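Subject: Structure handover

Hello,

Please find the structure below, with the sequence alongside. My notes on what was found follow it.

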Amino acid sequence: PQQRQSQQRQPQQRQSQHNQPQLKQLQKREVTALLASANSLWDIIEVYKRHGTNIDPIGLCTLWHRLGKARATDRERAEFFQREWGTLSSLCAVMERTRLEPRGTANVCYGMAKLGFEPACETMRLLGDAALQRIGEFNAQDLANTSWAFATLGVRAPQLFEAIAHVGEQRASSFNAQNLANTAWAFATLGAHAPRLFDAIARAGEQIIGSFNAQNISNTVW
């Protein structure tokens with residue numbers, strides 16, 4: 001009887017194992033939507049940990065942009081870096097193997113700089129090298145955000161900044177106040193020599209000076 005009782009229990013055990021919850025396989029666009037709706041650093045990185053094997057370049061760009069936008073105190077950010085250093089480092093390696101569109105490059109660099117993850121500097125250099133071939137496709141905001149990001153983390157990329165200066169000089173009239181201010185600040189911060197770009201920024205700024213706020217003016221004249 002004891003043997004039969006043991007045999008009767010086996011199907012129940014198998015059934016219990018079968019009923020264990022399994023992680024739902026999401027579509028790539030669903031993963032991107034989850035990342036876009038996550039607010040804290042922890043929530044964003046948790047989505048990546050759960051669904052990182054099913055994420056496309058758009059999702060990766062969203063991930064870094066959201067990490068940069070997430071609100072956190074210096075203490076919270078330091079704790080996040082300490083606990084998630086390995087995950088963030090592996091994410092940088094993933095980005096170095098990922099082909100990005102111009103807007104994606106700008107968003108990823110912006111996110112890395114806003115997050116303040118200094119080991120991302122080498123990744124940004126590699127992304128900048130890859131972007132050189134498509135710098136003509138960058139719009140005003142992409143150019144401004146990319147140059148701002150490199151300057152914020154102190155990443156020197158002479159060839160990239162030379163290319164940004166050339167394109168920015170031609171398109172300065174399409175920049176808004178923040179684009180002009182951020183670009184001027186970035187080039188000045190890194191000491192990038194671009195007199196023709198600064199002349200173009202000055203001319204464009206004169207046309208829209210009324211839209212400059214105090215921070216824009218400070219960054220531009222700095």
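From the N terminus on, the elements of the protein run α-α-α-α-α-α-α-α-α-α-α-α. That is twelve helices and zero strands, where helices (H or I, at least four residues) and strands (E, at least two) are DSSP runs numbered from the N terminus. This is a predicted model, in which local features need pLDDT of at least 70 and side-chain atom pairs count only at pLDDT 80 or more, while totals for chains, interfaces and linings use all residues. Residues are numbered from 1 along each chain as its sequence is written, and side-chain values use heavy atoms, with hydrogens and water left out.

Overall figures

Of the 222 residues in the protein, 45% are buried. Here buried means under 20% relative accessible area, exposed means over 50%, and partly exposed is in between, with a 1.4 Å probe and protein chains only. Contact means heavy atoms within 4.5 Å. Among contacts between residues at least 6 apart in sequence, 76% join residues at least 24 apart.

Helices H5 and H7

Helix H5 covers residues 74-96 and helix H7 covers residues 121-131; their axes come within 9 Å and cross at roughly 10 degrees. H5 is therefore roughly parallel to H7. The axes are lines fitted to C-alpha atoms, for helices over the stretch in contact, and angles run from 0 to 180 degrees between N-to-C directions. Angles under 35 degrees count as roughly parallel, over 145 as roughly antiparallel, 65 to 115 as roughly perpendicular, and the rest as oblique.

On the H5 side the contact involves Cys92, Met95 and Glu96, and on the H7 side Thr123, Leu126 and Leu127. By type, the residues of this contact are four nonpolar, one polar and one charged. For that count, Ala, Val, Leu, Ile, Met, Phe, Trp, Tyr, Cys and Pro are nonpolar, Asp, Glu, Lys and Arg are charged, and the others, Gly among them, are polar.

Aromatic rings

How many aromatic pairs are there? The count comes to seven. Rings of Phe, Tyr and Trp (its six-membered ring) pair if their centres lie within 6.5 Å; planes under 30 degrees apart count as stacked, over 60 as edge-to-face, and the rest as tilted.

One of the pairs is Trp42 with Phe80: the ring centres are 5.1 Å apart and the planes stand at 80 degrees, so the pair is edge-to-face. This pair links distant parts of the chain, since Trp42 is in helix H3 (residues 41-51) and Phe80 is in helix H5, 38 residues apart. Trp42 is partly exposed at 28% relative accessibility, whereas Phe80 is buried at 0%. Phe80 also pairs with Phe81; with centres 6.3 Å apart and planes at 50 degrees, that pair is tilted. Phe81 is buried at 14% relative accessibility. Trp42, Phe80 and Phe81 belong to one aromatic cluster together with Trp85 and Phe117.

Cysteines

The structure holds zero disulfides, a disulfide being a pair of cysteine sulfur atoms within 2.5 Å. Cys61 is in none, and its nearest cysteine sulfur, that of Cys109, is 9.6 Å away. Cys61 is buried, with a relative accessible area of 10%. For Cys121 the closest cysteine sulfur is in Cys92, and at 9.3 Å it is too far for a bond. Cys121 is buried as well, with a relative accessible area of 13%.

A residue in H10

Leaving aside neighbours within four places in sequence, Thr183 is in contact with Ala144, Ser147, Phe175, Leu197 and Ile201.

Loops

Two residues to look at are in the loop between helix H1 (2-18) and helix H2 (28-37): Gln27 and Gln25. Gln27 is partly exposed at 45% relative accessibility. Gln25 is exposed, with a relative accessible area of 60%. Gln25 and Arg50 are 25 residues apart in sequence and 9.6 Å apart in space, C-alpha to C-alpha.

His193 lies in the loop between H10 and helix H11 (195-207) and is exposed at 76% relative accessibility. The C-alpha atoms of His193 and Phe161, 32 residues apart along the chain, are separated by 9.1 Å.

Regards
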